Amino acid sequence: MIPYGRQNINDSDINAVINVLKSDYLTQGPVVPKFEKAIAEKVNVKRAVAVNSATAALHIAALSLGLSKGDILWTTPITFVASANCALYCGATVDFVDIDPQTYNMSAAALEIKLRHAYEAGKLPKIIVPVHMGGQSPDMEKIQALANLYGVKIIEDASHAIGAEYKGKPVGSCFHSDITIFSFHPVKIITTAEGGVATTCDDILADKMKLLRSHGITRDTVLMDEPSHGPWYYQQLELGFNYRMTEMQAALGCTQLTRLEEFVDRRNELAEIYDTLLEQLPVSQPKRDLDARSSFHLYIVRLLSKNSGIHRQVFEELRAAGIGVNVHYIPVHLQPFYRAMGFKNGDFPEAENYYKQAISLPLYPAMSMSDLNQVVCSLEQSLKKHNC
Ligand SMILES: *Cc1c(COP(=O)(O)O)cnc(C)c1O
């Protein structure tokens, strides 16, 4: 089976983890801060706060921006459920903005209309969460201009996009947002097994997120409301969580990060080969934004056949041929949990049409030319079988 994604672990990754296991600290030692510094330098941002998943990063990012009961968060329906769930963790409600049918990112045009209506109805969201779908940046300049106009905060869900660029700046620099989050799940660009990070240019937000990741507890006497009782003393100032990343994870993250460019270059190279090989097939290829460089977490094609029934058949035939295709994503608003809140079929037509046609082809740095040819041949055969 050719998987749709796979981590790339070498001896230096393995040795880094072993060295931590032989050291004094397995958690709360020097490696997490070292990893945070390395991330901040890599994406050119002031602060980075490492946590045990991108889901945790989304949660503390939303909390640090003050999201709570009565507030609203908007994201896109074509994302992993975590981008929406983070609002519910804070007691807020969720709504969605339909996608751009070319890029599969949140449509800035749809956002503009929806914000105007929300403003008129007095129901503006507090936060919007655009997602860097497949590794390509949304139209952040336009989204930021709209957010500024209506006083809305932005969290970029860049789970797919470490190593990507937008208008000459690394994604994660927060030039167009309050906070950016990355995921280090093994299928993503670099991995810490489980893990995530939130980046920001704002010290207050970063300190708040650090507090929330560790029970809301501080040992900083400046923040305490009475003099320290002694060297053992700490105070709990907020209701926080245990969202800490371990030292082993951070060590793996440090060595993985040194190969970020290599991974992203290779992914872009493979994507270009896919483009060429797929040219003659009735599928649409990922659209490139000239202002952005994708990290190519995913290579997504849309089947152009008028017969939407073939999507599932082609998918199943590819799987049967040993090709680990996938679908990213089932529209979040159509999950039973979200339908129970009143969302329904027809609410976000572009997202729903996309879902009927999209297939993610395998893409990972160690993929060989023969793997890639096998994927394209299998796809071609399956499409021919259905007279496409
Ligand atoms: C993977 C992913 C997440 C969640 O990441 P975890 O690290 O697994 O919590 C959130 N949003 C998007 C878009 C993702 O792809």
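How many nonpolar, polar and charged residues are in the lining of the second largest pocket? I counted by class and got 8 nonpolar, 11 polar and 3 charged. I note here that I am working from a predicted model.

**Entry: the second largest pocket**

I looked up the volume of the second largest pocket and found about 330 Å³ of space. Its lining is made of 22 residues. I listed the ones that lie nearest the centre: F80, S159, S183, H185 and K188. Next I asked which helices take part. Helix 3, residues 54-64, and helix 4, residues 82-89, each supply at least two lining residues. Helix 3 gives the most, with 3 residues.

**Entry: the ligand**

Where does the ligand sit? I checked its space, and the ligand takes up the second largest pocket. I then listed its neighbours. The ligand is surrounded by 15 residues, and the closest are T55, D157, H160, S183 and K188. S183 and K188 are also among the residues that lie nearest the centre of this pocket.

I sorted the shell around the ligand by class. It has 5 nonpolar, 8 polar and 2 charged residues. Helix 3 and helix 4 come up again here, and each supplies at least two residues of the shell.

- S183 has an N or O atom in its side chain 2.8 Å from a ligand oxygen.
- A54 has a polar backbone atom 2.9 Å from a ligand oxygen.
- Y329 has a polar side-chain atom 3.1 Å from a ligand oxygen.

How much of the ligand's accessible area does the protein cover? On its own the ligand has 380 Å² of accessible area, and the protein covers 93% of it.

**Entry: Y329 and its peptide bond**

Y329 lies in the loop between helix 10 (310-320) and helix 11 (336-339). I checked the bond that joins H328 and Y329. It is a cis peptide bond, with omega at about 5 degrees. Most peptide bonds are trans. I marked this one for a second look at the backbone.

**Entry: N44**

I also looked up phi for N44. N44 is not a glycine, yet its phi is positive, at about 60 degrees. Most residues other than glycine have a negative phi. Where is N44 in the fold? N44 lies in the loop between helix 2 (31-43) and strand 1 (47-51).

**Entry: the largest pocket**

I turned to the largest pocket. About 450 Å³ of space lies in it. I listed 15 lining residues for the largest pocket. K210, L211, I217, T218 and R219 lie nearest its centre.

Which element gives the most to this lining? Helix 7 does, with 5 residues. Helix 7 runs over 203-213, and both this helix and strand 10 (217-218) supply at least two residues each. By class I noted 5 nonpolar, 3 polar and 7 charged residues in the lining.

**Entry: the cavities**

How many cavities of 30 Å³ or more does the structure hold? It holds 3. I looked up two of them.

The largest cavity has a volume of about 130 Å³. It is lined by 13 residues, and T103, M133, G134, Q136 and P286 lie nearest its centre. I sorted that lining into 6 nonpolar, 6 polar and 1 charged.

The second largest cavity holds about 80 Å³ of space. It is also lined by 13 residues, and the closest to its centre are E156, P170, V171, S173 and H176. By class, this lining divides into 6 nonpolar, 5 polar and 2 charged.

Technical notes
Residues are numbered from 1 along each chain as its sequence is written. This is a predicted model: local features need pLDDT of at least 70, side-chain atom pairs count only at pLDDT 80 or more; totals for chains, interfaces and linings use all residues. Side-chain values use heavy atoms; hydrogens and water are left out. On a 1 Å grid over the protein atoms alone, a cavity is a set of points where a 1.4 Å probe fits but cannot get out, and a pocket is an open set with protein on both sides within 12 Å along at least five of seven lines; lining residues have an atom within 4 Å of a point. Grid points are joined across faces, edges and corners, and a volume is the space filled by probe spheres set on the points. Helices (H or I, at least four residues) and strands (E, at least two) are DSSP runs, numbered from the N terminus. Ala, Val, Leu, Ile, Met, Phe, Trp, Tyr, Cys and Pro count as nonpolar, Asp, Glu, Lys and Arg as charged, and the others, Gly among them, as polar. A residue is near a molecule or strand if one of its heavy atoms lies within 4 Å of it. A polar contact is a pair of N or O atoms within 3.5 Å; within protein, one must be able to donate a hydrogen and the other to accept it, and residues adjacent in sequence count only if both atoms are side-chain atoms. Accessible areas come from the Shrake-Rupley method with a 1.4 Å probe; for residues, only the protein chains shown count as cover. A molecule sits in a cavity or pocket if more than half of its atoms lie within 2 Å of its grid points.
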